[in-house]
Amino acid sequence: MAILKIARMGHPVLLRRADPVPDPTAPEVRRLVADMAETMEDAQGLGLAAPQVHVPLRLFVWRGGAGNIIALINPEIETVGEEVEQGWEGCLSIPGLRGCVPRAARIRFRGQDIEGRPVEGEAAGLAARVIQHETDHLDGILYPMRMTDLSLWGFTEELARAAAQAKPAEGTVP
Ligand code: NI
């Protein structure tokens, strides 16, 4: 296994549509998924798409609710219902920043696992957000391109400082 170099915003590999994975069971796909899982762990991310490690293929890994790392190959998603939620996102390709991004609250997804078996399911909340963010990477879309209010974009450090100042520490007398 190996830790891979992560492409940052501005690299063209992040802006192109990735190609379908012809054979999810191929040894090089298995190796790529293992390396991506290790890279995501090392970078403490919630998800990582193949284009982010300079491989223009339609697959990503993400951390499921139970903390396990799941690979989804050739994913397709559709929204369920009309509800849209605003939520904070970061991206390993845009280090140090966070932005508030509108996403469908509930989705259906399907794809394949690394055994080539079909996978499908429904996701809501954070899981739905991560899957939409990662699938966007496969279509050359980065989260700032989905933002509707760029005043809600900033450096994680500054946003944390502002949030801490907005909320007086417990037990202090103003
Ligand atoms: Ni990302």
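Is His133 buried or exposed? His133 counts as buried, at 7% relative accessibility. This value, like the others in this report, comes from a predicted model.

**Nickel site**

His133 is one of the protein donors of the nickel ion, which are Cys91 (SG), His133 (NE2) and His137 (NE2), at 2.1 to 2.2 Å from the ion. Along the chain these donors follow the spacing C-x41-H-x3-H. Cys91 lies in the loop between β4 (84-89) and β5 (97-104), while His133 belongs to helix α2 (residues 125-138), so the pair ties together parts that are 42 residues apart in sequence. In an α-helix, residues three or four places apart point the same way, because there are 3.6 residues a turn.

**Cysteines**

Cys91 is buried, with 8% relative accessibility. Cys100 is also buried, and its relative accessible area is 9%. The closest cysteine sulfur to that of Cys100 is in Cys91, 16 Å away, which is too far for a bond. A disulfide would need the two sulfur atoms within 2.5 Å. The structure holds zero disulfides.

**Helix α2**

The 14 residues of α2 should span 20 Å at 1.5 Å a residue, and the end C-alpha atoms are 21 Å apart, which agrees. The helix is mostly covered, with 11 of its 14 residues buried. Among the buried residues are the donors His133 and His137, together with Gln132 and Asp136. Just after α2, Gly140 has a positive phi of about 75 degrees.

**Pockets**

| Pocket | Volume | Lining by class |
|---|---|---|
| Largest | about 410 Å³ | 10 nonpolar, nine polar, four charged |

The largest pocket has a volume of about 410 Å³. Its lining has 23 residues, of which Leu46, Glu89, Gly90, Cys91 and Arg98 are the closest to the centre. The largest share, six residues, comes from α2.

Definitions and conventions:
Residues are numbered from 1 along each chain as its sequence is written. This is a predicted model: local features need pLDDT of at least 70, side-chain atom pairs count only at pLDDT 80 or more; totals for chains, interfaces and linings use all residues. Side-chain values use heavy atoms; hydrogens and water are left out. Buried means under 20% relative accessible area, exposed over 50%, partly exposed in between (1.4 Å probe, protein chains only). Donors are N, O and S atoms within 2.8 Å of the metal (3.2 Å for Na, K and Ca); water is not among the atoms, so sites may look incomplete. Helices (H or I, at least four residues) and strands (E, at least two) are DSSP runs, numbered from the N terminus. The expected span of a helix is 1.5 Å times one less than its number of residues. On a 1 Å grid over the protein atoms alone, a cavity is a set of points where a 1.4 Å probe fits but cannot get out, and a pocket is an open set with protein on both sides within 12 Å along at least five of seven lines; lining residues have an atom within 4 Å of a point. Grid points are joined across faces, edges and corners, and a volume is the space filled by probe spheres set on the points. Ala, Val, Leu, Ile, Met, Phe, Trp, Tyr, Cys and Pro count as nonpolar, Asp, Glu, Lys and Arg as charged, and the others, Gly among them, as polar.
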